[in-house]
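Welcome, and thanks for taking a look at this structure.

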Amino acid sequence: MTVGAHLVDGVRRFRDSDVYYSFKRSPVTMVAAVVTAIFLISALFAPWLAPHQPFDPATVELLDAFTPPVWEAGGDPRFLLGTDDQGRDMLSTIMYGARISLGVGFAAVAFAMVIGVSLGLVSGYLGGAIDAVIMRVADIQLSFPAILIALLIDGVARSLLPRDMHGEVAIYVLVFAIGISGWVQYARTVRGSTMVEKNKEYVQAAHVMGIPPMLIMLRHVLPNVMGPVLVIGTIHLAVAIITEATLSFLGVGVPPTSPSLGTLIRVGNDFLFSGEWWITIFPGAALALLVLAVNLLGDWLRDALNPKLR
Amino acid sequence: MRFRNGILAALAATVLAFSQGADAKTFKWAFQGDAQSLDPHGLNETFSLGYLGNVYEGLTAYSANLELIPALAESWETTSPTTWVFKLRQGVKFHNGNDFTADDVIFSWKRTLTEGSDQKVRGALIKSITKVDDHTIRVETPGPIPTLARELVWLYIMDKEWAETNNAVEAESPKEADTSGKFASLNANGTGPFMIVERQPDVKSVFKRFNNYWKDIKSNVDEVIFTPISQDATRVAALLSGELDLAYPIPVQDWDRLTKADGVSPLTGPEARTIFLGMDQDRDELLSSNIKGKNPFKDLRVRQAFAHALNLDAIKEKIMRGAATPSGLMVAPQINGHNPALNQPYAYDPAKSKRLLAEAGYPDGFELTMDCPNNRYVNDERICQAVVGMLAKVGVKVDLLAQPKSKYFAKVLAQNDYDTSFYLLGWTPGSIDSHNVLQNLLVCRNKETKAGQFNLGGYCNPKVDELSSQIGGETDPDKRQELIDAAFQIHKDDVGHLPIHQQPLSWGVRDGVTVAQRADNVLDFRNVVLP
């Protein structure tokens with residue numbers, strides 16, 4: 001079969017699947033998917049799609065500052081959603097902001113997933129003392145709110161690293177902090193599924209054949225526990241985006257030179273009282289919309305993959 | 001009947017107790033940052049010194065209108081151009097009960113010349129102090145300094161015995177206070193009308209009235225609670241909700257809102273502070289720039305290019321909402337020596353700026369970093385961002401590092417070896433005289449005489465130095481003005497600094513609270529009267 005035939009075959013299989021069936025029957029999910037897709041595309045291709053380059057200081061004109069949205073009195077057709085205090089186009093800053101927010105979100109989820117899934121596999125498969133230690137650590141961490149842990153890690157990193165480096169490493173610190181604060185759910189879920197799978201015949205058979213535990217975990221157990229992990233991952237993406245926005249809103253997230261949606265909301269907050277509402281409302285609305293859409297997708301995915309609800 | 005009387009008595013007692021409680025008047029106010037340290041010689045910054053001026057005092061003081069009035073010195077006279085005799089006030093007590101004497105003055109002066117001091121420029125105005133008796137001192141100056149009494153407003157007097165007991169005889173710069181927490185940075189013992197009873201840096205300070213204060217003051221305040229609130233919106237909201245009696249600065253865009261709101265009003269006026277940019281003209285190579293082996297700022301054309309790249313009117317309109325006065329001089333109109341004829345800012349001309357850069361050998365511009373405080377001056381970070389944008393248009397790529405003033409000052413000041421290439425700073429001459437600006441900001445840096453301690457960029461022209469020392473000793477006002485004009489003209493032709501504007505004083509006050517808004521933006525608790 002050629003590549004094209006593979007693709008056609010794959011599409012057909014997807015169209016015949018239960019997942020696609022339930023997707024087709026849920027208009028809410030379809031809307032959520034479209035919204036998420038718009039965000040993903042505009043974030044991914046922001047440098048080409050955005051009407052302005054808001055973070056190239058050479059193209060920003062201070063005299064354009066505080067232009068209201070185009071439908072308000074004094075609006076300027078060049079700036080659909082108005083401009084901020086430095087004359088940057090709001091629509092463009094939101095597109096670039098979503099880029100950072102989504103980037104940090106995806107990276108944090110991937111990081112948490114890798115850590116959580118590996119620890120969960122090890123914990124569930126090996127059991128005993130290792131299991132006890134990992135799960136107690138998880139229990140302890142669960143007793144703190146994730147945002148607190150992220151704040152703690154961020155604060156420690158800031159005091160350890162030299163000041164000049166903050167701007168450059170801020171995003172990595174953020175990914176690490178949010179990722180670390182979210183691994184527990186993955187670990188617990190995977191551990192549970194692993195404990196079930198490990199007693200099934202195929203695993204026993206592999207064991208009897210003398211395959212090393214590492215390989216059994218990766219080749220045989222892992223593919224069978226990934227379903228729930230994807231569901232958690234989707235919902236965690238929404239949580240990670242919100243956590244990043246919260247941290248940035250508090251001023252400990254990404255620097256204003258490459259702002260995320262949370263940073264934009266924080267900066268705009270200063271002008272809320274004085275009537276320039278669009279500087280904070282639009283990024284806020286964008287954040288709410290994005291998180292809602294991702295959450296709805298996550299909900300749907302959970303139901304669609306749950307055999308009991310079919 | 002007796003029973004009823006009893007009830008009445010009890011009621012009366014309750015009412016009395018309540019009214020006494022209500023009599024204890026608490027004044028609550030907020031600023032955008034905290035005082036860096038309680039050490040009066042650790043940082044020469046108006047806010048920190050103003051805050052400490054309620055706890056510590058100098059020999060002289062300013063009234064609400066910035067008139068010079070006696071404080072710890074009752075009177076003074078000059079017996080020769082370089083000799084001053086101060087009569088010290090008798091019966092003044094420090095907060096710990098010690099008597100104030102001539103020894104404390106001599107000790108405090110010597111302390112300003114110690115390693116960690118940020119008051120070396122002031123300390124260096126005095127050559128020697130002789131104790132005549134416990135309450136008389138004779139001060140010798142290195143040359144004639146007509147403004148000495150004005151400078152001494154900010155040289156606060158510490159208790160010698162207290163400092164010696166607590167191992168605080170050397171001034172502690174805030175940079176060190178950050179980590180090691182020395183005694184005088186965290187404790188205070190002055191002669192002022194208020195004592196600090198509680199202090200959590202960056203969180204809260206509580207002041208209590210000092211009952212043995214030597215002077216009758218207008219204020220009826222018993223307790224003062226100060227909270228630094230860095231977020232503009234939060235500070236304004238706290239004022240509007242009635243949590244505060246006074247807050248400043250109020251963002252200029254919120255003046256309208258305060259006028260419309262019930263129970264609060266904005267209190268505004270022109271501030272005597274000039275905001276300016278400085279450029280490192282001293283190092284042979286800029287810190288973190290792509291130009292290696294030479295310093296572009298040493299070339300006059302580059303400095304001119306920067307001057308012509310700045311659109312001060314746009315900053316005034318868009319960032320300050322019209323509430324600023326673009327400036328061409330390093331001193332404000334309120335300052336003695338200001339000459340309106342010289343106050344024309346450099347013209348905004350990006351084309352000329354580009355041409356000058358090309359002539360200087362940087363047709364594609366260059367890269368450098370800029371240091372900026374984000375909680376010290378009105379809209380400081382926003383001004384810096386705007387400057388970055390304006391310079392980008394002529395090809396200069398600026399990497400902005402905006403930080404809270406505690407970190408900013410710890411980085412750029414002399415105590416940290418002037419770690420900056422390009423910076424934003426504001427200056428109010430403590431003496432309300434141009435000579436203070438010349439001596440602190442414009443003359444060549446000199447480790448011996450401590451001159452030019454705040455000339456962070458190391459601008460240096462010997463002609464300005466010569467004029468400055470002449471101005472320091474000149475007593476004829478017309479002659480003096482001529483010399484000041486000459487010095488400012490040279491500095492302007494050299495583009496030694498880039499003046500931006502005078503910012504407005506912008507306070508928000510709860511109705512019924514009386515305060516005096518000084519042009520140096522200092523809040524003196526002595527003038528605070530609560531309803």
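Just after helix H5 of chain A, Gly127(A) takes a positive phi of about 65°. Keep in mind as you explore that this is a predicted model.

- Among contacts in chain A between residues at least 6 apart in sequence, 69% link residues at least 24 apart.
- Helix H5 of chain A covers residues 90–126, which is 37 residues.
- From its first C-alpha to its last, H5(A) reaches 53 Å, close to the 54 Å expected at 1.5 Å a residue.
- Is H5(A) largely enclosed or left open by the rest of the structure? H5(A) is largely enclosed, because 28 of its 37 residues are buried.

**A four-stranded sheet in chain B**

- In chain B, 4 strands form an open sheet in the order S4-S5-S7-S6, with antiparallel pairing.
- Strand S4 (73–80) and strand S6 (128–133) of chain B are the edge strands, and each pairs on one side only.
- Neighbouring strands of this sheet are turned by 20° against each other on average, direction ignored.
- Strand S5 (residues 83–88) and strand S7 (residues 136–140) of chain B run antiparallel and are joined by 5 bridges.
- Within that pairing, Phe86(B) has Ile137(B) in S7(B) as its bridge partner.
- Helix H3 (residues 102–111) of chain B packs on the sheet, where it touches S5, S6 and S7 of chain B. The direction of H3(B) makes about 175° with that of S6(B).

**A hairpin and the strand beside it in chain B**

- Strand S8 (residues 194–200) and strand S9 (residues 204–209) of chain B are antiparallel, with 6 bridges between them.
- These two strands, S8(B) and S9(B), form a hairpin with 3 residues between them. Asp202(B), in the turn, has a positive phi of about 65°.
- Which residue of S9(B) is the bridge partner of Arg199(B)? The partner is Ser205(B).
- S9(B) also pairs with strand S10 (residues 223–228) of chain B, in the antiparallel sense over 4 bridges. Here Ser205(B) has Phe226(B) in S10(B) as its bridge partner.

**Nonpolar cores**

- The largest nonpolar core has 84 residues, of which Met370(B), Cys384(B), Val387(B) and Leu391(B) touch the most other members.
- Helix H14 (residues 380–393) of chain B gives the largest share of this core, 7 residues.
- Apart from that core lies another, of 74 residues, and Val104(A), Leu119(A), Val221(A) and Trp278(A) are among them.
- Leaving aside neighbours within four places in sequence, Cys384(B) is in contact with Met370(B), Cys372(B), Leu400(B), Ala402(B) and Leu424(B).

**Backbone details in the loops of chain B**

- As background, most residues other than glycine have a negative phi, and most peptide bonds are trans.
- The peptide bond from Tyr248(B) to Pro249(B) is cis, with omega near -5°. Pro249(B) sits in the loop between strand S11 (246–247) and helix H10 (255–260) of chain B.
- Tyr418(B) is not a glycine, yet has a positive phi of about 50°. The loop that holds Tyr418(B) lies between helix H15 (405–412) and strand S16 (422–427) of chain B. Tyr418(B) is buried, with 23 other C-beta atoms within 10 Å.
- Lys450(B), also a residue other than glycine, has a positive phi near 65°. Lys450(B) is found in the loop between helix H16 (434–442) and helix H17 (462–473) of chain B. Is Lys450(B) buried or exposed? Lys450(B) is buried, because 21 other C-beta atoms lie within 10 Å.

**Where the chains meet**

- The contact takes 18 residues from chain B and 16 residues from chain A.
- Helix H9 (232–240), helix H12 (312–319) and H14 of chain B each supply at least two residues of the side of chain B that touches chain A.
- H14(B) gives the largest share of that side, 7 residues.
- By class, the side of chain B that touches chain A has 7 nonpolar, 4 polar and 7 charged residues.

Terms used: Residues are numbered from 1 along each chain as its sequence is written. Chains are lettered from A and ligands numbered from 1 in the order in which they are written. This is a predicted model: local features need pLDDT of at least 70, side-chain atom pairs count only at pLDDT 80 or more; totals for chains, interfaces and linings use all residues. Two strands pair if DSSP finds at least two bridges between them. A nonpolar core is a set of buried Ala, Val, Leu, Ile, Met, Phe, Trp, Tyr and Cys residues joined through C-beta atoms within 7 Å. A residue is buried if 20 or more other C-beta atoms lie within 10 Å of its own, exposed if 12 or fewer, and partly exposed in between; C-beta atoms are placed from the backbone. Two residues are in contact if their C-beta atoms, placed from the backbone, lie within 7 Å. Ala, Val, Leu, Ile, Met, Phe, Trp, Tyr, Cys and Pro count as nonpolar, Asp, Glu, Lys and Arg as charged, and the others, Gly among them, as polar. Axes are lines fitted to C-alpha atoms, for helices over the stretch in contact, and angles run from 0 to 180 degrees between N-to-C directions. The expected span of a helix is 1.5 Å times one less than its number of residues.
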